[in-house]
Every structure is written in structure tokens, then in C-alpha cells.
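Here are my notes for your first look at this structure. Keep the viewer open and check each point as you read.

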Amino acid sequence: MNIDDWKSQVKRGTLEFCILLLIKKQPSYGYEIISTLDQYPIIAAKENTIYPLLRRLLKEEYISSCWQEGTEGLPPRKYYSLTAKGEEYIAAMSVEWDNLLNAINEIKGEKE
Amino acid sequence: MKKILDNYLEKMEKCLRPVPVSERIDIINEIKSEMQELQNNGVSDEMIIERLGNPKDLAKAYLGDLISREKGFSWNRVLIICAFCSLVGFSGMVVIPCLGVIAPTFIVCGAVCPCLGLIKLINQIFHLGLPFADHIGIFVSESFTLNPLVEFILILLIGVLLFLAGIAAWRLLVFYCKKVSGTAKRIFV
């Protein structure tokens, strides 16, 4: 049984969705996103995954970024926020996600 | 900021040289920002370095993503692939330079071939007597020379084939880089 392999595949498929959902909730910076994801082992990921992914989402214009000057000992932070295109993308992903959950639930129900 | 953190950022910046300056500075600033966040949370410099991992690997993650994102053939893309190659390791040291040389060479030859063919054709039709034009062409034997028009068409065909071969080598190169980039793999961690 190789559950880790399967888990990483799940992570690969859902990390983008999770990051966009986080940014939708409130504009956020890289370290904050990584720390939040860290609370959930199934989608926790390291810097070398998250930052390039954020950069790609930025290039594809699902998110936008804006540097905020550091104040009172806080470092400058690069905040990411969702664009209109990103909103659409999340909406489409949400529909498919619900489809997936429904499908799994139904199939599970039939077997019991 | 302590020296080991500065060193880390410096190493990363070196690896990211093919990335446009503004983007590179942005990448470095973002990592620097995270280092400061971690310091504020009382994480030691050594732990920060450990958390971020090898600076080359972190740079590689960015480069790998860039390679698969950009489309088409551009000089900048060649540079990115070269930088990436230097980080990939042994197989990359052989495969990437070979394909990197083959692809542009074939593409250029494919373009030059029909041009030369055309020069010879024009030379023969108008009897211009251009120097060295007789050296261009397909050599069959001393006694047999091809019809100029047939020869030109053959040259054109060879040019197209060379060009396609060049494109194929380029595609293979990009495919290889994507395979070894590890951006896909690292997400499995």
C-alpha cells in the first residue's frame, strides 16, 4: 500500500485550488500562505513549490500582487489578491470539485 | 541580516541570472521577506536556511517553471535552459548541450540551405558567374550534373527537412527539461 504516493497526487491536483481559495478569503503574502497550508498536512508544501506556483498564477493573471512597505519592525510583504479572472477560475473549479465530491459520495453509498 | 542569509540570497541570484532583472529582484525580495518573517518569529538563521533548502534547488524550481511556461523559441529561453542545465547534473550535462547545439544549428542550416540554392539557381539562369556558386549544390559525379531546377527543388526539400529536424530537437530539449525539472516531482513532498 503506497498511500503517500496517492496523497501527493491529491496534493498536486488541489494545491492550486487551495491557494486561490486562501487568497480569495483575504489578500495574503507568501509566508502566510505557506504557514496556513502547514496546518493541514494533506496540502502542506514547501517554499520551492509555493513560490513558483504563485508566480505562475500571477503570470496567468488569476492573482495580482502588490508590495507593502514594512512598518514597525515588520518586513515588506508581497500581498497577493484575486483578480476577476481568478474569481471565474475558482467558480469553475468549485463546480468541478462539488461534482467530484458528489461522485465519490454516491459511489461510496452504493457500495455500503 | 546575517551573512549566511545574504550568502544564500546571493547564490540564488546567481542561479537566476537568465531571469529578467525586475523579476529576479522581485523573487529575491520575496525570499528575503520570508527570511525576515522567520527571524521575527525567533527562528535561527541556520533553521531558516534548512527550511528553505539548497539555494540552487529553490532557483531550479523557479527556472523549471519558467521553461515550461514560456512558449516558442527565443534566445532568452535558451539562456534559461542553459542556466537550468548547470543545476540539473550529469545527464543534463550531456543531453542539454548536445540538443542545445543541434537545435539552433539545424534550424539555421535549414534556413540557409534554400537561400544558397536560390543563389545558384539565379546564377545559372542569368549566367552571372558569381564566384564559388559552382561549389553550391548536390554533387552526384564528375560526369553527371543535375538539372538546375531539379537541384533547387532537392535543396529546398533538404532545407525543410533540416529545419524540421531542428524544431524536433528543440521540442525534445524542452521536453527533457520539463521531465527533469523536478517542479512536478517536488510538489509530491
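1. Start with burial. A residue is buried if 20 or more other C-beta atoms lie within 10 Å of its own, exposed if 12 or fewer, and partly exposed in between; the C-beta atoms are placed from the backbone. Of the 189 residues of chain B, 26% count as buried.

2. Know what you are looking at. This is a predicted model, in which local features need pLDDT of at least 70, side-chain atom pairs count only at pLDDT 80 or more, and totals for chains, interfaces and linings use all residues. Residues are numbered from 1 along each chain as its sequence is written, while chains are lettered from A and ligands numbered from 1 in the order in which they are written.

3. Check the confidence. pLDDT is the predictor's confidence in each residue, from 0 to 100. Chain B averages 82, and 86% of its residues score at least 70. Over residues 183-189 of chain B the pLDDT is below 50, although this stretch has 15 contacts in the model beyond near neighbours in sequence. Two residues are in contact if their C-beta atoms, placed from the backbone, lie within 7 Å. Where pLDDT is low, the predicted coordinates should not be read in detail. The model scores ipTM 0.87 and pTM 0.65.

4. Next, the make-up of chain B. Helices (H or I, at least four residues) and strands (E, at least two) are DSSP runs, numbered from the N terminus. Chain B has eight helices and zero strands. Among its contacts between residues at least 6 apart in sequence, 67% join residues at least 24 apart.

5. Look down H1(B). Tyr8(B), Met12(B) and Cys15(B) are buried. They fall within an arc of 65° seen down the axis, so they line one face of H1(B). The arc is that of the directions from the helix axis to the C-beta atoms. On the other side, Lys3(B), Asp6(B), Asn7(B), Glu10(B) and Lys14(B) are exposed.

6. Which residues touch the most other members of the largest nonpolar core? Among its 34 residues, they are Met12(B), Leu16(B), Ala59(B), Tyr62(B), Leu63(B) and Leu173(B). H7(B) gives the most to this core, with eight residues. A nonpolar core is a set of buried Ala, Val, Leu, Ile, Met, Phe, Trp, Tyr and Cys residues joined through C-beta atoms within 7 Å. Leu16(B) touches Arg24(B), Ile27(B), Ala59(B) and Tyr62(B), not counting residues up to four places away in sequence.

7. Find Leu79(B) in helix H5 (residues 75-88) of chain B. Leu79(B) counts as partly exposed because it has 13 C-beta neighbours inside 10 Å. Its C-alpha atom is 5.7 Å from that of Pro18(B), 61 residues apart along the chain.

8. Finish where the chains meet. Contacts join 21 residues of chain A to 19 residues of chain B. H3(A) supplies the largest share of the chain A side, eight residues. The buried residues of H2(A) pack against H2 (21-40) of chain B, together with H1, E1 (28-29), H3 and E3 of chain A.
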